[in-house]
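Please keep the structure in view while reading.

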Amino acid sequence: MKALKHENKNTRDGKILIKLATIEESRAIYGIRYESSVNAVSANQKKISFENHDAWFKKQYFSGLENKCFVLRFEDGVAGYCRFDQNPKGEFNISIAILPKFQGMGFGKKLLSESMAMMGDDKFFVASVFKNNLASLKLFQNNGFKIISEDKGMHYFKYFINRI
């Protein structure tokens, strides 16, 4: 995948807009994160209060850290998010979720590829996916990620780009 340059850090395709999340979108992201089918394939399934989520969200994405959260807006609402949280190795752990009514429409692929492009060519990306989460496994594999290790329940992916 060749990263695209986005001067305004937004991409619009018809009724779809992919952009950096705002503080005001915290509640919509919380709703997606704890939607039952999304939560079922999340590494941490324990639900936290919105107040705790909102405080974490503000600290994680609006306090000067390198972390970024992008949203996919469809028509008038948030249909999905893609988070990039930097780990101690400097890699960005990816967490992506799409509301169930928008799954299977190519939104996940578009959100992942466009948000990675907006992150830039100089970043390294990793992801952890449950082995039974076939949709996410396919999403990452179809976007250039390779399985670098696995354990009983998870595949661990890394994105490799040709860096000259």
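Helices (H or I, at least four residues) and strands (E, at least two) are DSSP runs, numbered from the N terminus. The model is predicted: local features need pLDDT of at least 70, side-chain atom pairs count only at pLDDT 80 or more, and totals for chains, interfaces and linings use all residues. Residues are numbered from 1 along each chain as its sequence is written, and side-chain values use heavy atoms, with hydrogens and water left out.

**Phe92**

Phe92 sits in strand β5 (residues 92–98). Phe92 is buried, at 1% relative accessibility (buried: under 20% relative accessible area; exposed: over 50%; partly exposed: in between; 1.4 Å probe, protein chains only). Its C-alpha atom is 4.8 Å from that of Phe125, 33 residues apart along the chain. Beyond neighbours within four places in sequence, Phe92 has contacts (heavy atoms within 4.5 Å) that include Phe84, Met119, Phe124 and Phe125.

**Salt bridges**

A salt bridge is a side-chain nitrogen of Lys or Arg within 4 Å of a carboxyl oxygen of Asp or Glu. The count is eight. Among them are these pairs:

| Pair | Closest N to O |
|---|---|
| Glu75 and Lys15 | 3.5 Å |
| Asp122 and Lys123 | 3.1 Å |

Lys131 lies in the loop between β6 (125–130) and α5 (134–142), and Glu150 in strand β7 (residues 145–150), 19 residues apart. Lys131 is partly exposed at 27%. Asp122 is exposed at 57%, whereas Lys123 is buried at 16%. Glu75 is partly exposed at 48%, and Lys15 is exposed at 53%. Lys19, Glu25 and Arg73 form a salt-bridge network.
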